[in-house]
Amino acid sequence: MSTATSTHADEGFNLKEWIFTTDHKRIGVMYLIGSIAAFAVAGMMALMMRLEQAQLGAQFIETGTDYNEWLYFHGAAMILAFLIPGLTGFAANYFLPLMIGAPDVAFPRINAFSIWLFYFAIILALISIVIPDTPDIMWTGYPPYAVTTAGNTSFYVFTVHLLGFSSILGAVNFLVTVIYMRAPGMGWNQLNVFVWTTLAAFVLQLVFIPVLAAAVTLLLFDKYLGTHFFNPAAGGDVLLYQNLFWFYSHPAVYVIFLPAVGIMFEVIATMAKNPVFNYKVCIYGGIGGIVAIGGEVWIHHLYVTGMPDWIRIGMMISTLLISVPVGLVVMSLWGTLWRAAITYNVAMMYCVAMLYLIMVGGLTGIPLAMTSLTVHLSETSFIHAHFHFIMGLFSTYAVFAAVYYWFPKMTGRMADTGMAKIGFYLNFAGINLTFWPLFIIGPQGMPRRYWNYEMFPQFEGYHEVATVGAFLTAAGVAIMIYGWIKCAISGEKAPANPWNSRSLEWTHAPNPPGPGNFTESVTVSAGWSPYDYHK
Amino acid sequence: MSVESEVAHTGGTQHEHHWETSWAPLVLVAGIFMLVPIGFSGYFVYENQMMTIIGAGLGVPLILAGVAKWVQEGMSHENLVVGVSIVGLPIFIVSEIFIFLGLFASYWMMRLSAGNNWPPEGTPDINTTIPLIMTVILVSSSLTMHVAEVKLDNKDNGGFNKWLIISILLGTLFLGCTVYEYQHLIHEGFVPETNAYSSAFYSITGFHASHVFIGLATFVAVLIPALKGKTNHAFVVCASVYWHFVDVVWFFVVSQIYFW
């Protein structure tokens, strides 16, 4: 007799089946709900910071530590609890097994283990904002402050541990899934770009997260067990932490960037009805190149903290070099649109915005890569606007595009409403209003991370505009999330393959797929491709 | 449609009719959450006895229940793809290698920047005989585990149990040596707070010892069903490969921490 509980699939909602589920689709939906919740709370923190900066002097802040706590939660939750779980958790979980024709991931119980590590990490993060000694060390946790602060550094460390463990197990799970569970006949050059980018992201997670785990563990030891890893007075080294931290946290940018690009390829190829331009160059040169170089650029986060020149110059070269593989990927994105009759649905609108974000974000990255310029731009709002464009907003839009594009797959209903378009325009106008002023005042001397900028009264107008933009964005997001909930319950019924895609998740699985995904197991022939639009 | 003709439908053997569930992962995570973040913070951060007792008191039984249920399910369930766990474990070990690399890199950085002032003031003479004895014990346990695997391949379940128990005893002896060594050093005033070397010493050897402990726990999880005559080949191979990995790491620990 089988010992695992197996219940029959009923129509309707069964709470026990959801909580104890090991099914990749339900785990994917749970990742989406958890990461959007984290996004909402972290977004509130951003609004509070923007409101505080709207005018000179204190608006409603009590002590500077409040600002540090908002900054801590905003950064840590957006990156670790929204973007990474939203892309490699939600999107990879739900769609990767469907795209390769697999009934589930290789280790469904380990997958359930990962989602619960993620949820308990969120619980811990939420506990840490209500306790009296909230961590106030931003998402980076630099010593010596993280060691000497009265804030609870241990909750930060354990949040990172839980999320990191979750991602490492996810990496093991998905690497094995893609290697061993592709539909019979599916060769490596027939994979969706999203499968490739997810694979690349998980390789990076597998190799680099452990180093972050080591870094924060040593932080914990230093603060609570009295070790001296980061204490120069006793033979330790403060820069050691920064090196270990950025050794993971720079590749983490690619962990987020790569699946976001993968989602873009799925949407763009489908809406343009074109095969992916330069597929092999994009995969092996672009994505492979990012994985190969991504681990050798972390020192550019330490340009101004004191590094020997020869290291700075070497890392400047590798940082500039990474624009070559990124350029190959972007070329494939634009090439896929060549001579296409493009369908502009909401997912595609977000992807067009992403083409703009990657352009502005990428170009503003070039001066920051150069040591001579970065010395002046570092710690100004220019860098703040740069990484919000290329990383924050770009990847956030990828999550939104993924939800709109696959909404019919997940719910059997459409989410492409007029409201959704209004939400998009508000959001897009808002982000430009927020971050262009910051791009402008950064080189003029506006520092980042200041809650009060009384010494720079000339920037007040820019900050007012940025704050208005932040609230426009929030309004757009609120309309969007309201629309998702409404459409999931009572949206227009979707046809089986609303975008006429050729990818397996649309052509072979029902909306939404049941247990085991496919009604019959799938095999593909040598001539098949998920982007087979020209036959 | 051209796609339809190129993508053939084959027999419906993989179609499943119900949603798979298991409570083991949730219970295990809840246990880890109570034991590690709550228990640790209760003891070291808030120095609150009640919080520590609640954390550990709920955490340990939840972990044991989760592991027991998981092992039981794993023994009686077929994987979707037979034998993939044997591939999954080495991939996981890659990340383990990197966490040890992170720790060793920290140690090397401190060690190299100290130049000739090493070991720093306050370090007593570290006995190098104990780590050699420990090396012999750990290598022997790897060998006995290999013998156990061979016995299992020859369908000799009694022999497998016997050699597995010997490996567990050797592993326990190894941990006993660690405890003895720590007690001795702490008695001499060499504690994690002492200096940079003691920080690295306790972090790295302690982290390795925790891996030995996990390996031993895995062996016990293999042994309990094996005593009733139930073994899962993939599970045994994984436990054994993990043990060999922990053994190999020990060579780095000994050579870097004790003999450099």
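The expected span is 1.5 Å times one less than the number of residues, and helices here are DSSP runs of H or I with at least four residues, strands being runs of E with at least two, numbered from the N terminus.

This is a predicted model, in which local features need pLDDT of at least 70 and side-chain atom pairs count only at pLDDT 80 or more, while totals for chains, interfaces and linings use all residues. Residues are numbered from 1 along each chain as its sequence is written, and chains are lettered from A and ligands numbered from 1 in the order in which they are written.

Helix 7 of chain A bends by about 35 degrees at Phe208(A), with the proline Pro210(A) following within four residues; the bend is the angle between axes fitted to the seven residues ending at a residue and the seven starting there. Of the 33 residues in helix 7 of chain A, 30 are buried, where buried means 20 or more other C-beta atoms within 10 Å of the residue's own, exposed means 12 or fewer, and partly exposed lies in between, with C-beta atoms placed from the backbone. After helix 7 of chain A comes Gly226(A), whose phi is positive, near 80 degrees.

Between the two chains, 74 residues of chain A are in contact with 62 residues of chain B, contact meaning that the C-beta atoms of two residues, placed from the backbone, lie within 7 Å. Helix 7 of chain A gives the most to the side of chain A that touches chain B, with twelve residues. The classes on that side are tabulated below, with Ala, Val, Leu, Ile, Met, Phe, Trp, Tyr, Cys and Pro counted as nonpolar, Asp, Glu, Lys and Arg as charged, and the others, Gly among them, as polar.

| Class | Side of chain A that touches chain B |
|---|---|
| Nonpolar | 42 residues |
| Polar | 23 residues |

In chain B, Gln256(B) is found in helix 8 (residues 233-258), and Gln256(B) is partly exposed because 15 other C-beta atoms lie within 10 Å. Leaving aside neighbours within four places in sequence, Gln256(B) is in contact with Phe104(B) and Tyr107(B). The C-alpha atoms of Gln256(B) and Trp108(B) are separated by 8.8 Å, although these residues are 148 residues apart along the chain.
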